[in-house]
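User: I am new to reading protein models. Can you take me through some features, one at a time?

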Amino acid sequence: TALKDKDEDLRLTGLRIARSLKLDVIPYVKQLAKDSPAQVRRECAIALRHNTAPEAAKAWAELAAQHDGKDRWYLEALGIGADKQETQCFGAWLAAVGDKWNTPAGRDIVWRSRGTNVPAYLVKIITDKNTAEKDKARFVRALDFIPKCKEKDDALAELALGALK
């Protein structure tokens with residue numbers, strides 16, 4: 001009942017109650033994924049944390065596609081929600097946005113993501129002639145937060161070799 005209330009605080013509290021009762025939150029997240037207040041959608045993202053259900057990454061991608069590039073709390077909620085399933089969530093988001101990933105909001109998603117499929121996109125941003133010099137260091141530092149993997153090593157090699165050109 002709380003999820004359908006006109007008061008956004010009650011809707012997000014209803015989702016918190018579902019989490020505390022260890023209910024399957026996916027149907028509730030789907031119900032609230034297009035809620036207009038960002039605080040409700042932030043709570044949806046957090047509710048997906050460590051959820052390995054096949055629908056979780058797709059639900060996360062729907063929430064990530066609504067990031068406006070201005071709400072840092074929303075971006076952090078997405079990062080928390082993707083924890084332990086970063087590669088799947090990022091992949092689902094890429095599948096949803098396609099070639100339209102390279103926007104200010106999309107670059108935020110790339111910067112905050114930790115999946116093994118992220119380093120190649122960080123390299124694209126860093127080597128893009130349209131990326132402001134003042135922003136490049138931020139994207140290079142994002143590589144530090146990605147766990148060791150072949151994709152990260154390949155990205156670092158590409159950056160290092162590109163600097164020699």
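User: Is Tyr121 buried or exposed?

Analyst: This is a predicted model. Buried means under 20% relative accessible area. Tyr121 has 17% relative accessibility, so Tyr121 counts as buried.

User: How do I describe two aromatic rings that sit together?

Analyst: A pair of aromatic rings is described by the distance of the centres and the angle of the planes.

User: Where in the chain do Trp101 and Tyr121 lie?

Analyst: Trp101 is in the loop between helix 6 and helix 7 (104-112), while Tyr121 is in helix 8. They are 20 residues apart in sequence, so the pair ties together separate parts of the chain. Trp101 is at 10% relative accessibility and therefore counts as buried.

User: How many aromatic pairs are there?

Analyst: The count is three aromatic pairs. Another of them joins Phe90 and Tyr121, with 5.6 Å between ring centres. Their planes stand at 70°, and over 60 degrees counts as edge-to-face, so this pair gets that label. Phe90 belongs to helix 6 (residues 86-97) and Tyr121 to helix 8 (residues 119-127). Phe90 has 0% relative accessibility, so Phe90 counts as buried.

User: Which residues form the aromatic cluster?

Analyst: Phe90, Trp93, Trp101 and Tyr121 form one cluster.

User: Which charged residue lies over the face of Tyr121?

Analyst: Lys124 does, at 4.6 Å from the ring centre. Arg138 gives a second case: its charged end sits over the ring of Trp111, 4.8 Å from the centre.

User: At what angle do helix 7 and helix 9 pack?

Analyst: The angle is about 35°. The axes of helix 7 and helix 9 (residues 133-142) are 8 Å apart. Helix 7 brings Arg107, Asp108 and Trp111 to the contact, and helix 9 brings Arg138, Phe139 and Ala142. By type, the contact residues are three nonpolar, three charged and no polar.

User: What should I look for in a core?

Analyst: In soluble globular proteins, nonpolar side chains tend to be buried together. Here the largest nonpolar core has 49 residues. Val29, Trp60, Leu63, Trp93, Val110 and Leu122 touch the most other members. Helix 4 gives the largest share of this core, seven residues.

User: What does Trp60 contact beyond its neighbours within four places in sequence?

Analyst: Its contacts include Leu48, Leu78, Cys89, Phe90, Trp93 and Ile109.

User: Which residues of helix 3 are buried?

Analyst: In helix 3 (residues 38-47), they are Val40, Arg41, Glu43, Cys44, Ala45 and Ala47. These buried residues pack against helix 1 (8-20), helix 2 (26-32), helix 4 (54-64) and helix 5 (72-81).

User: Is Lys84 buried or exposed?

Analyst: Its relative accessible area is 62%, so Lys84 is exposed. Lys84 is found in the loop between helix 5 and helix 6. The C-alpha atoms of Lys84 and His50 are 5.8 Å apart. Along the chain, those two are 34 residues apart.

How values were computed: Residues are numbered from 1 along each chain as its sequence is written. This is a predicted model: local features need pLDDT of at least 70, side-chain atom pairs count only at pLDDT 80 or more; totals for chains, interfaces and linings use all residues. Side-chain values use heavy atoms; hydrogens and water are left out. Rings of Phe, Tyr and Trp (its six-membered ring) pair if their centres lie within 6.5 Å; planes under 30 degrees apart count as stacked, over 60 as edge-to-face and the rest as tilted. Helices (H or I, at least four residues) and strands (E, at least two) are DSSP runs, numbered from the N terminus. Buried means under 20% relative accessible area, exposed over 50%, partly exposed in between (1.4 Å probe, protein chains only). A charge sits over a ring if NZ of Lys or CZ of Arg is within 6 Å of the ring centre and within 35 degrees of the ring normal. Contact means heavy atoms within 4.5 Å. Axes are lines fitted to C-alpha atoms, for helices over the stretch in contact, and angles run from 0 to 180 degrees between N-to-C directions. Ala, Val, Leu, Ile, Met, Phe, Trp, Tyr, Cys and Pro count as nonpolar, Asp, Glu, Lys and Arg as charged, and the others, Gly among them, as polar. A nonpolar core is a set of buried Ala, Val, Leu, Ile, Met, Phe, Trp, Tyr and Cys residues joined through side-chain atoms within 4.5 Å.
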